[in-house]
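Try each task before reading its solution.

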Amino acid sequence: MVDRIGLSPEASRAEDGLGSLEKSAATTEEHQRQNIIRFKVTHVLLTVLLLWLTAVHVVGILFFAKGFLLTRLVLDNRSECGVLPDGQPSQISNGCWHPKTFDRAVILIIDALRYDFTIPSRRVFEQPPQKYYLDNLPLLHETAVSHPDHAILLPFIADPPTSTLQRLKGLTTGTLPTFIDIGSNFAGTAIEEDNIVSQLKNAGKTIVHLGDDTWHSLFPGYFDPNMTHSYDSFNVWDLHTVDNGVIEHIMPLLDQSPQQWDVIFGHFLGVDHAGHRFGPDHPAMAEKLRQMNDVLQEIMHKLDDDTLLVVMGDHGMDTKGDHGGESDEEVEAALWMYSKQPRFGKAETAVLLPPATAKERPVGQIDLVSTLSILLGLPIPFNNLGKPIAEAFTGPGSPDWKTLARVDRLAQSQIARYQEHYSRSRDLGLDDNAYRDQRTYLALSVESAADGRWEDAHHAYVNWHNEVISMYRRLWANFNVEDMICGITISGLALGFVFFFSRLSMGDKASAAPGLLRSAGLGTVVGAAIGSALGFLTPSSFSFLPGLVFGGTICGVIAATVWSFRHRLTTQSYLPSLWGWMALVFCLTQSAGFASNSYTIHEDTILLFFLTTFGILSLISSLRQASTADRVLGTYQSVLFILLTRLASFSRLCREEQMPGCRSTFYASSNSSTSAPWQLLIPYSVALLLPEIIKAFYQGTASYAGSAGFWIGFSFRIGLLLVAAYWTIDVADNGGWLMERLSPTTLKTINITLARSALAIAVPVGIGTFVWAKPCINISISEPRPAADNSGKPPRPQLTIYGYANVYGSRYLLMIPMLVLSVALLLPPVGQFSIAICTWQILCLLEILDTNGLTISSRGSSSVGPIILALLGSYHFFKTGHQATLASIQWNSAFVPLRTIQYPWSPLLVVLNTFGAQIICAAAVPLTVIWKRPTGKAGLRGLWNDVLNACLAHALYYATIQLATTMWAGHLRRHLMLYRVFMPRYLMACAVLLIVDMVLVVAALAGVRVVGLSVGEVFGY
Amino acid sequence: MSSPSITHLLPPTPVQPAASARLLTPTTQPIPLLPSHLAKRYSYFHTLLVVIYYYFRASALVADPYTAMFLDLGFVSLAQGVFCAVCLPSAGSWVSGTAGGKINESTGAVAPLKTFKGAKTGGNLSGSGSSSLRKKIAPPSAVKGGSTKGEGAGGSWKGRVTPALFSLILTLTLPPLPLTLIALVLGAPLYPTSLLPCTLLLATHVALLGFLPIFYTHGVSSSAWRDVAAAWLPFDESGVWAGTVGALVGGWIGAVPMALDWDREWQKWPCTVLWGVVLGWAVGRLVTNVARLGIGRRINLSEKEEEPGAGTEVLAAGPVKTLSETKKSK
């Protein structure tokens, strides 16, 4: 049983390039050369085709985002000290609009200081749980209880998004954030609009800043250069540098006499970093909070009588210590104000203690600016929308309602002035009714003030303010529906084209590429011309650039669709097979499900359901196979696939909305973001088993030859061991096991070295192996046997080729370990468990496809393989500790091989960590074509057509999901859950689509080219 | 020279077998309804009875799933047992399969249909004479005992109750565990473990609805059960196989409302799935037993294939010219 292939010397020597042009006399060589050129040209054409599709996707996404992501107009006006907001000159001597209460202020931000950190647990729980984040910062509550005239402690509600940069904007300008700004957290930009820091500067105050350097990007040049000390804010591994720096420099400033500063802004990051790194329930958090307690104690003692001390959190943190979203735990921060002299009071006389939970008597973070401005005798910044905090103005003893009402009146007229200017600059599109309640309350407030009923005036004013704020919240949810519809149209047309071209048209798509591209290009040019012309003619409906882009994209897609429709329509039945129906049902039901927040929240369970359903169907189908080998192998792999899917489901990281009824297992506990020591078994098991598993799939076709042994059995395993070592040291560091022997810096150095070595194996060695490896075959030549039939022919030596059955597949599969290794390095141990299962499942899937005749070949282009791969990628996205929420991004992964943020590597690492599963699955898409693809006379013919079919089917899934989530997000733009559920899912779908598009171009198509040339060199093109 | 691993190395044969030829041949015949009027009417009535029963037990199920499902087992076993005894031929009393006959996927849909139609028209034309007609169709080897149970349509009542009891025992012991496993891998809750008995009971209900009649009609024939495992039985006029498929698909769909955040009591495991099972079962029975659609067909799991040659047609454009040239020269 031996395969006899006479390899002529010509055939085995394949040369491309011009060198061989002249000397190619033999016709076979000429054909080879032509085939090679054709193969390469087709690759380039298909790359261009996919890039064009990517560009269409980008344009669609941008158009929608332009209308959907909210914007607020920034007014450049500034409040002036001498002019009251109603236009009258100010008569106050001791301050601007109102007599000041304090000369100086120390404003300390403890990043991520959640309200419940400051409240004694016995006030909330009957039996207080033992948590590290509770009861370790008692000072704030103690002082507020024992000296209510000196200290006030209140819940301080942040407006989402709860990222530090956004919060600082809100805290210094008093404005409501709009979503569009969230992207700027990584590169802060200066605040242009009126704010309290610039007001301080205008008043000639000396401002000192200590701590988080985000302030400097927001307020460049505002701070006193001699006393200011800032520190890098993004190194979340480092809990102490920033805090120690602030403490070191703030104490001498407080001891100065006379003081050379007026306002100190101190920004502690330790609590936030402890949360990001360990989660709230960790000894490091307790230690950090106790340190803060001691520091505040010391600062309190050093304070003089005319200095105000403010301590606040800019946001909270969720149960894992992350933030960015808008869950209750993320928005509930704490605010504490302290004065040496009794100056504060109560707004509600009946209540004696500070609120026990953040649900009682909360104040907004936008309220801080107006409060501070008036307390320090400054004008309230022009764009401020907050109201003064009542407790700061009612004074000690019985409430001084008159002062409060006066302060209220100032803030009211300032907000009213802002309203007037804003509606003048931008039509709010509100009818008169929208203002009715506001007017009622305002009239009531004025009337009460005139009668001297100051308390009523205050309450009427508070009601007025609530009306205004809620109006602006609605208003800045002001979507541009036309742009959104444009975006959806583009995405929808692109989806329609891909669906038609990949699923409904027959024939060789690879050879159709030039014509298709030509008509698409022509359409784009014509469309761009029409669009820009329309922009010139009717500037009201279209401006030039959007018209150009929109017209070009739309017409390009339409032209391509028309072209493929005219050239490729066949009369064959379009009704899909049962497998096709299954894929269609999976895509459509999931898309429909995104209209409901429940199905968006429980997407991981749905994917488990779908994947297992596929497994059961493939099991049934395998049982029908006639060939015993197919039947047994298919059944075995199907069962394995099902069990692995279910096994992976034990790795979960629950989002807040899934609670209760969901148990997080991704980290040590649901209140932590570190791995438990037992989880370290996982990386070592993965290093031990995963190469063996991959090897077993190679050995099924005797393909474990050539570079496979070195790359998978040795390099890959060493890489995984390095990853395991990295995570061991990480856990040891977090647990403080090696505290006595090694300093944290040494540990970090060791870890960075380990991580970089693993990456070095993954990327340079991996790419090198993949590009230069020979096909995974072994050729043995046996002794010539005497001819059995005695026909007189001389016996010929026999050539046995091991690994012939899967030449393409085994060669291409060399790419996957490279990606698995890179992704595994960035994922915590449980994530590696999931990614290893993902790899195994991909291999199972390939065998299932092969044994059930579902691979994509010239006989049929089944969509099952690529679609199941897409489901698999999406499923393992959730199983690697991610959710479709902003808070679940594992920012830590940026610091695995790096000490500081470095562009472009840090974002790339986070992307690889977040979408690793989808990336691996997208890179595996060509395997659905070439796994056990027969090699023979056909050579590479038809390969590109099949690969393109597979890639398009894969992209089709993600494009469907993207269109669906986009449409639902647009449709449900007034939904309560928009920012919590629909918007993050929509953003994720867009990101995934673009990333998958790029992976298909960069990894899949390029990989097929490498494999095709490499295999063709041996077996003919 | 021929070691097992080397067999893999053989270059694939130039022409691969078509999808239909890759497959085994299903051997089961559609299950006929007994030719009496009672059988026909009772089979309609049975569908209604079971659905109504579950409908009235809905509130009890929501209140306490475990107890309700456990108590329901009695009624459902009885109802299904009676249905089998009244409407279906017991194993051995009919030609349940072709003994290795060559029926492949493409012709399989037709051949059993003929057998089945013959039996049916026979039943309609001459009530009691049907057994003789069926005898004619059946190969002699398969009719063992058939000739002795002449009168009536399905043999003596005693001859029906005993197999019904036996198949009940088999149904309660064999399928629930695999079905539980299927539910669990599809995502049925493992925690809290107190829900596991509920899952087992759900599986038992599915077994009673979907598999009791198969045990009754096909016995423990391994070839029949191989077809069952491969979901390869033909749909039949008695609505047995459609009921099985409907119950499984219905349960699948029944899982959908659980995830919604409506916070209703009935969304808890496994209420909606059980209702989905019952509704799917009823729909399957209505389609085949009452509306008589798709009888004799089998579920086709083969992927569509393009006609050979469709992939090689070329366009006269761009580098395609070189393509066609090289193709010719090859």
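**Exercise 1.** Find which backbone atom the side chain of A:D194 reaches at 2.8 Å.

*Solution.* In this predicted model, the side chain of A:D194 comes to 2.8 Å from the backbone nitrogen of A:F382. Next, look for a side-chain partner: A:Q199 makes a polar contact with A:D194, side chain to side chain, at 3.0 Å. Then widen the search, skipping residues up to four places away in sequence: the residues touched by A:D194 include A:N77, A:R78, A:S79, A:P381 and A:N383.

**Exercise 2.** Decide whether A:D194 is buried or exposed, and say where it sits in the chain.

*Solution.* Start with the location: A:D194 is in the loop that links α6 (164-173) and α7 (196-202) of chain A. Now take its relative accessible area, which is 0%. Buried means under 20%, so A:D194 counts as buried.

**Exercise 3.** Work out which strands pair with β3(A), and in what sense.

*Solution.* First partner up β5 (residues 263-268): it runs parallel to β3(A), with five bridges between them. Within that pairing, A:L210 bridges to A:G266. Then turn to β4 (residues 229-231), also parallel to β3(A), with three bridges; here A:D212 has A:Y231 as its bridge partner. As for cover, six of the six residues in β3 (207-212) are buried.

**Exercise 4.** Check how far to trust chain A: what is its mean pLDDT?

*Solution.* The mean is 86, and 93% of the residues reach 70 or more.

Terms used: Residues are numbered from 1 along each chain as its sequence is written. Chains are lettered from A and ligands numbered from 1 in the order in which they are written. This is a predicted model: local features need pLDDT of at least 70, side-chain atom pairs count only at pLDDT 80 or more; totals for chains, interfaces and linings use all residues. Side-chain values use heavy atoms; hydrogens and water are left out. Buried means under 20% relative accessible area, exposed over 50%, partly exposed in between (1.4 Å probe, protein chains only). Helices (H or I, at least four residues) and strands (E, at least two) are DSSP runs, numbered from the N terminus. Two strands pair if DSSP finds at least two bridges between them. pLDDT is the predictor's confidence in each residue, from 0 to 100. A polar contact is a pair of N or O atoms within 3.5 Å; within protein, one must be able to donate a hydrogen and the other to accept it, and residues adjacent in sequence count only if both atoms are side-chain atoms. Contact means heavy atoms within 4.5 Å.
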